[in-house]
Amino acid sequence: MILLPSLPPLLKEAQASLPSLNSIIFDNGTAGDLVHGLVDRIPLSSWAVKLVAGLSVVVVLGLVVCVCVCCCRGRWKKRRKKKLDEHVKLASLSGQTSATLVQPGADGTSSAENQRRGKLLYSLEFNAALSQLTVGVKQASSLKAMDAGGSSDPYVKVYLLPDKTKTCETKVLKNRLDAVFNEHFDFQVSKATLLKSTAVLQVFDFDRFSKHDIIGELRLELGQVDWNHVIEEWRELEEPTTMEEENLGDICFSLRFVPTSSKLTVVILEAKNLKSTDLDGSSDPYVKVQLALDKRKWKKKKTTVKNNTLNPYYNEAFTFKVSLEQIRRVNLVISVWDHDPVTPNDPTGKIFLGNDSAGNQLRHWADMLSNPRRPVAQWHTLLSPQQVNASLTLKKKIPLVKKMPF
């Protein structure tokens, strides 16, 4: 059996071996004196001690701030997620979420309302004595925006079917969805032909450097019209139909006129979506550039042939000597031909510009004259050769002036 020493003697020995606590705290009189005493015992200068103490305080405060921020951020995220979940839950309960695709008309609106293209105010008048139909394009309203900026550059094209021998165009109105045109176009047509015809009014969005997008159209069956009075009414534009003749393609070229040197430069740039004429569905196109003075054939040049393509690229320039006085009486005829070494070549599409032209063609010509010495490029839609020939009615070539005998 092990005998432990009694506790009181051990405590007395420990108390004797340790310095008295009262002597440590109160030898110098106060606790402040104690702190100074401890500082004096550190083997560093006083400024170094103060610096270390200050850095320690900064580190401790930084840790405290980081802990507080992390805690607050976690609580904020939890609150935000809770609110978002509550919002989605409430929205789903009210039937206003859009997590799935909604078919047209499912929200109570008809698909026709979502596809609205605008309205057009037009007029029709027929003069039986003159066999003349007058189509008026008054104004358009609430047109569909076709440009990225939420607007359009509208103009209206007017022609008659099935005999599409004349096409008229209004001026282009920039950056608007409500356009006032107030333009009228006359068509020579007999009463019998009139009753079998259809008037087509197409609203386009103008774009100088690409194909013009169609906004909508109206097709008016003239045999169902009461011609006892003038017709004038608003009508909703409809989606374009595919009842047209085949597309003949588009061509891009630039014009430049320098009055001081009397030079007209035509640069044939490219064409696209041309009509295929070969059995393999391709073509060998080239472009003929012709000038007509006073509606008489005058000068002509042509590009090289591009084989087996419906989208040829040329970038070929042609310069003609044309004075400032002659430019007012000149018409420029651009035609696309298919090269065939065996059979005679036939034009597949045509277009003409000048003071006798209209629509986009006249606009391009006017831009060239108003910007001398600067090339003006633009895309044009090719028309049928029959339509251009009927509008331009060129005469035979200008005869050469015979030399006077001496």
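1. Helices (H or I, at least four residues) and strands (E, at least two) are taken here as DSSP runs, numbered from the N terminus. With that in hand, Asp178 sits in the loop between strand S4 (167-169) and S5. Contact means heavy atoms within 4.5 Å, and, leaving aside neighbours within four places in sequence, Asp178 is in contact with Ala140, Ser141 and Ser142. Asp178 and Leu143 are 35 residues apart in sequence, with their C-alpha atoms 6.6 Å apart in space.

2. A word on the ground rules. This is a predicted model, where local features need pLDDT of at least 70 and side-chain atom pairs count only at pLDDT 80 or more, while totals for chains, interfaces and linings use all residues. Residues are numbered from 1 along each chain as its sequence is written, and side-chain values use heavy atoms, with hydrogens and water left out.

3. Now the overall picture. The chain has nine helices and 16 strands. Of its 406 residues, 35% count as buried, where buried means under 20% relative accessible area, exposed over 50%, and partly exposed in between (1.4 Å probe, protein chains only). Take the contacts between residues at least 6 apart in sequence: 65% of them join residues at least 24 apart.

4. On to the nonpolar cores, each a set of buried Ala, Val, Leu, Ile, Met, Phe, Trp, Tyr and Cys residues joined through side-chain atoms within 4.5 Å. The largest one has 30 residues, and Leu120, Leu133, Leu201 and Leu222 touch the most other members. Strands S1 (119-127), S2 (132-141), S3 (154-161), S5 (179-188), S6 (198-205) and S7 (213-221) are the elements that give two or more residues to this core. Apart from it lies another core, of 29 residues, including Leu274, Leu293, Val330 and Ile334.

5. Beyond four places in sequence, Leu222 is in contact with Leu124, Leu133, Leu160, Leu194, Leu195, Ser197, Thr198, Ala199 and Trp227. Leu160 is found in strand S3 and counts as buried because its relative accessible area is 8%. With neighbours within four places again set aside, the contacts of Leu160 are Leu133, Lys166, Phe187, Thr198, Ala199 and Leu222. Leu160 and Leu222 are 62 residues apart in sequence and 9.7 Å apart in space, C-alpha to C-alpha.

6. Two other buried residues deserve a look. Ser262 lies in the loop between strand S9 (250-258) and strand S10 (263-272); its relative accessibility is 17%, so Ser262 counts as buried. Not counting residues up to four places away in sequence, Ser262 touches Phe320, Lys321, Val322 and Ser323. Thr348 is in strand S15 (residues 347-354) and, at 9% relative accessibility, counts as buried too.

7. What span should helix H8 (residues 359-370) have? The expected span of a helix is 1.5 Å times one less than its number of residues. The 12 residues of H8 should therefore span 16 Å, and the end C-alpha atoms are 16 Å apart, which agrees. Buried residues in H8 are Gly359, Asn360, Gln361, Arg363, His364, Trp365, Asp367 and Met368.

8. On a 1 Å grid over the protein atoms alone, a cavity is a set of points where a 1.4 Å probe fits but cannot get out, and a pocket is an open set with protein on both sides within 12 Å along at least five of seven lines; lining residues have an atom within 4 Å of a point. Grid points are joined across faces, edges and corners, and a volume is the space filled by probe spheres set on the points. A search of the whole structure finds one cavity of 30 Å³ or more. The largest cavity has a volume of about 40 Å³ and is lined by Ser210, Lys211, His212, Asp250, Trp379, His380 and Thr381. Strand S16 (residues 376-381) gives the most to that lining, with three residues.

9. Last, the second largest pocket, with a volume of about 290 Å³. Its lining has 15 residues, and Lys288, Gln290, Lys297, Lys350 and Leu394 lie nearest its centre. Strands S11 (285-293), S12 (296-302) and S14 (330-338) and helix H9 (385-392) each supply at least two lining residues, and the largest share, four residues, comes from S12.
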